[in-house]
Amino acid sequence: LVGISGTLTRQRVFSNNKLYDDLELSVVCHRPEGLEQLEAQSNFSKKELKVLYRGFKNECPSGVVNEETFKQIYSQFFPHGDASTYAHYLFNSFDSSQNGSIKFEDFVTALSILLRGTTTEKLQWTFNLYDINRDGYINKEEMTDIVKAIYDMMGRFTYPALKTDTFKQHVDAFFQKMDKNRDGVVTLDEFILSCQEVYSTCSCSIWHTMHTIFVICISSANLVCME
């Protein structure tokens with residue numbers, strides 16, 4: 001959202017400063033927590049938080065971002081694919097309170113994990129992205145939905161090029177690897193352990209695709225922060 005600084009600004013043409021002020025006063029504004037508190041809760045310095053907030057506020061004068069705006073912004077980075085479904089899942093992961101909007105605090109929390117968190121923290125965040133229904137488990141349907149959304153987003157630039165339903169084969173391979181006790185769901189512990197095992201061996205195509213998906217999660221944070 002900071003990374004798109006200027007994108008929405010160019011789309012908003014105001015005839016004068018008064019019109020801008022009137023618009024900002026006409027919406028319900030959200031004021032974020034104090035910088036000291038955010039600094040203590042994140043991996044960003046106070047100076048970095050100020051830069052992030054200026055960009056966030058520039059794009060979102062009300063102090064919050066709804067899902068439709070988030071999708072419009074995110075889709076600009078993937079012009080050759082359909083990013084709407086993945087953006088929906090990503091939005092839900094950023095929206096920690098599940099109230100249909102992303103506040104600056106939500107943005108900072110997710111960004112702090114994805115960009116500067118430990119590997120375990122990043123994997124926990126990725127697990128929550130896959131856990132669409134928030135029941136603490138990942139089932140095969142959820143994994144299929146996320147993987148398909150990622151490949152739809154990448155569009156014709158997916159490498160290697162996918163044949164029809166190839167992503168389902170990848171999901172089958174993932175699930176077989178991750179579902180250690182064969183109970184039909186993947187727990188957080190199973191997810192983290194499997195990712196660490198696959199990373200340590202790097203011996204098969206499972207890792208290639210898994211790595212692609214994980215990089216997409218991390219890149220999502222980088223994209224919205226690009227200046």
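This is a predicted model: local features need pLDDT of at least 70, side-chain atom pairs count only at pLDDT 80 or more; totals for chains, interfaces and linings use all residues.
User: What makes Lys46 and Glu36 a salt bridge?
Analyst: The closest N and O atoms of Lys46 and Glu36 are 3.3 Å apart. A salt bridge needs a Lys or Arg side-chain nitrogen within 4 Å of an Asp or Glu carboxyl oxygen, so the pair counts as one. Lys46 lies in helix α4 and Glu36 in helix α3, 10 residues apart.

User: Why is Glu36 called exposed?
Analyst: Its relative accessible area is 51%, and exposed means over 50%, so Glu36 is exposed.

User: Why is Lys46 called partly exposed?
Analyst: Lys46 has a relative accessible area of 29%. Buried means under 20% and exposed over 50%, so Lys46 falls in between.

User: What makes Lys180 and Glu197 a link between parts of the chain?
Analyst: Their closest N and O atoms are 2.6 Å apart; that is within 4 Å, so they form a salt bridge. Lys180 lies in the loop between α10 and β4, and Glu197 in helix α11, so the pair ties together parts that are 17 residues apart in sequence. Salt bridges that share partners also join Lys177 to Lys180 and Glu197 in one network.

Terms used
Residues are numbered from 1 along each chain as its sequence is written. Side-chain values use heavy atoms; hydrogens and water are left out. Helices (H or I, at least four residues) and strands (E, at least two) are DSSP runs, numbered from the N terminus. Buried means under 20% relative accessible area, exposed over 50%, partly exposed in between (1.4 Å probe, protein chains only).
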